[in-house]
Amino acid sequence: MALHAVSPAAASSPLRALSRRLAERPGCGCLPKQLVYSSKNFARLQAGQVDFVGRPLVLQHSDKRAVLTHATIEEIEAEKSVIEEQAKEKMEKAIETVQTNFNTVRTGRANPAMLDRIEVEYYGTPVNLKSIAQISTPDATSLLIQPYDKSSLKLIEKTIVAANLGVTPSNDGEVIRVTVPPLTSDRRKELAKTVAKLAEDGKVAIRNIRRDAIKAYDKLQKEKKLSEDNVKDLSADLQKVTDGYMKKIESIQKQKEEELMKI
């Protein structure tokens, strides 16, 4: 659909002249209140890139004629809702993973969670320690590990030692007792570095999720379902979501570091 050129006589007020011509078209009626009075949209309107409310136009070809359409606000919001919600779900899982990993970093008290990441090569297959043994805390400074299969006692003991958790396991032929010694100053510093590394891993995961969501928006732009401005706006909204999850990681990291310093 081609727009008439603005006459020299209307050059002093091109938007008003253009608005009057649009209003005089058969079936057009009065102009909507949302008319975008900006030089950028005026130039794009003259070029046939946007409609008279500044929305992106897409030219769809058929055998008989060419039809101009645009992505509606509802369609844009629908695309945003799907992509952003999927990103949020993944970011929530990333936060849960960071919290779980933090729980494995021991403090001065015995906690079964400190063995959550221990995997034992059980009959040639790596399995989580909790799946082949019962773990309890008889007191504040020790863990008691009771394997369902006593033949795995030595293997479990060896795996715990290799994990370098700063604890000492002892095997009496029936159970494994893990003594949790008080944290030294040097050990606290080492654990603080571990916490920082786990937090950074979580942030990398969050950034990767954001990157994938941006790619989904870019794909919609290539398919002419979103305009470049749409993608910029949606990306900005997604960045705000990302920043929120980054702050969550920083918050739980600070809590863990404070926990390490107190005990």
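The mean pLDDT of the chain is 78, and 72% of its residues reach 70 or more, where pLDDT is the predictor's confidence in each residue, from 0 to 100. This is a predicted model, in which local features need pLDDT of at least 70 and side-chain atom pairs count only at pLDDT 80 or more, while totals for chains, interfaces and linings use all residues. Residues are numbered from 1 along each chain as its sequence is written, and side-chain values use heavy atoms, with hydrogens and water left out.

| Stretch | pLDDT | Contacts beyond four places in sequence |
|---|---|---|
| residues 1-15 | under 50 | 19 contacts |
| residues 25-69 | under 50 | 73 contacts |

The chain holds seven helices and eight strands, which are DSSP runs numbered from the N terminus (helices: H or I, at least four residues; strands: E, at least two). Of its 263 residues, 35% count as buried, that is, under 20% relative accessible area with a 1.4 Å probe, counting protein chains only.

For residues 210-237, an unreviewed UniProt entry lists "coiled-coil region", an annotation that may be inferred rather than shown by experiment. In the model, residues 210-237 are 82% helix and 0% strand, with the end C-alpha atoms 11 Å apart.

Threonine 242 belongs to helix α7, which covers residues 228-262. Why does threonine 242 count as buried? Threonine 242 is buried because its relative accessible area is 2%. Apart from neighbours within four places in sequence, threonine 242 is in contact with Met91, Ile206 and Arg210.

How values were computed:
Buried means under 20% relative accessible area, exposed over 50%, partly exposed in between (1.4 Å probe, protein chains only). Contact means heavy atoms within 4.5 Å.
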